[in-house]
Amino acid sequence: ERYVASPRHIEIQILADSQGNVVHLFERECSIQRRHQKVIEEAPSCVLTPQLRDEMGRCAVDVAKSCQYLGAGTVEFLLDENNRFYFLEMNTRLQVEHPITEMITGVDLVKEQINIAKGLPLSFSQEDLCVNGHAIEVRVYAEDPTNNFVPDIGILKRYKLPESNGIRVDNGFDEGMEIPIFYDSMISKLIAYADCREEA
């Protein structure tokens, strides 16, 4: 197996309908991780050229076509320091970070997935899609910073959600609720969208 010294984690969102149409909705970069868990994701990646974006997108579409895939999925790659990419895995579902793809494409991935399940064709083609703006998602975890940021439980004593243009919060908790031990330690996702990466 090839050793990749300083990889970037790049994933391509795909949609495939029952009529044989498969499209990619560009990439998300998920390189900032801790304990193999994604922490910050952004779309588009700041390192991909248009040519590399197109090549990786076509490769992801080919992966989906090779197994007659149906629905929403994500094809994940490792990108090395020389911009060579290698297939990592395919996730056969919507992922936690799908909102940033929705923000930069204007496509409601949940709605498209439901329409695909109903047997409807995709409402757009690859040529209809383009990247608009930049989106960043930060996963908000319940953790103990005094103990190497391990997952933690307890009462959510203070919890104020940000409100502003370009801000989306996918949230499962309110102030005063108890964070239990039975689930993942992620309590919400903060998504910021703007015209460029610096603003986001």
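User: Is Asn83 buried, partly exposed or exposed?
Analyst: Asn83 is partly exposed, at 37% relative accessibility. Buried means under 20% relative accessible area, exposed over 50%, and partly exposed in between (1.4 Å probe, protein chains only). This is a predicted model: local features need pLDDT of at least 70, side-chain atom pairs count only at pLDDT 80 or more, and totals for chains, interfaces and linings use all residues. Residues are numbered from 1 along each chain as its sequence is written, and side-chain values use heavy atoms, leaving out hydrogens and water.

User: Where is Asn83?
Analyst: Asn83 sits in the loop between E4 and E5. Strands (E, at least two residues) and helices (H or I, at least four) are DSSP runs, numbered from the N terminus. Its phi is near 60 degrees, a positive value in a residue other than glycine.

User: New topic. How many aromatic pairs are there?
Analyst: Two. Phe77 and Phe85 pair edge-to-face, 5.3 Å centre to centre, with 85 degrees between the planes. Rings of Phe, Tyr and Trp (its six-membered ring) pair if their centres lie within 6.5 Å; planes under 30 degrees apart are stacked, over 60 edge-to-face, and the rest tilted.

User: And which residues make the other pair?
Analyst: Phe77 and Phe87, also edge-to-face, at 6.5 Å and 80 degrees. Phe77 is in strand E4 (residues 71-79) and Phe87 in strand E5 (residues 85-91).

User: Is Phe77 buried or exposed?
Analyst: Phe77 is buried, at 1% relative accessible area. Phe87 is partly exposed, at 49%.

User: Which residues does the cis peptide bond join?
Analyst: Ala43 and Pro44, with omega about -5 degrees.
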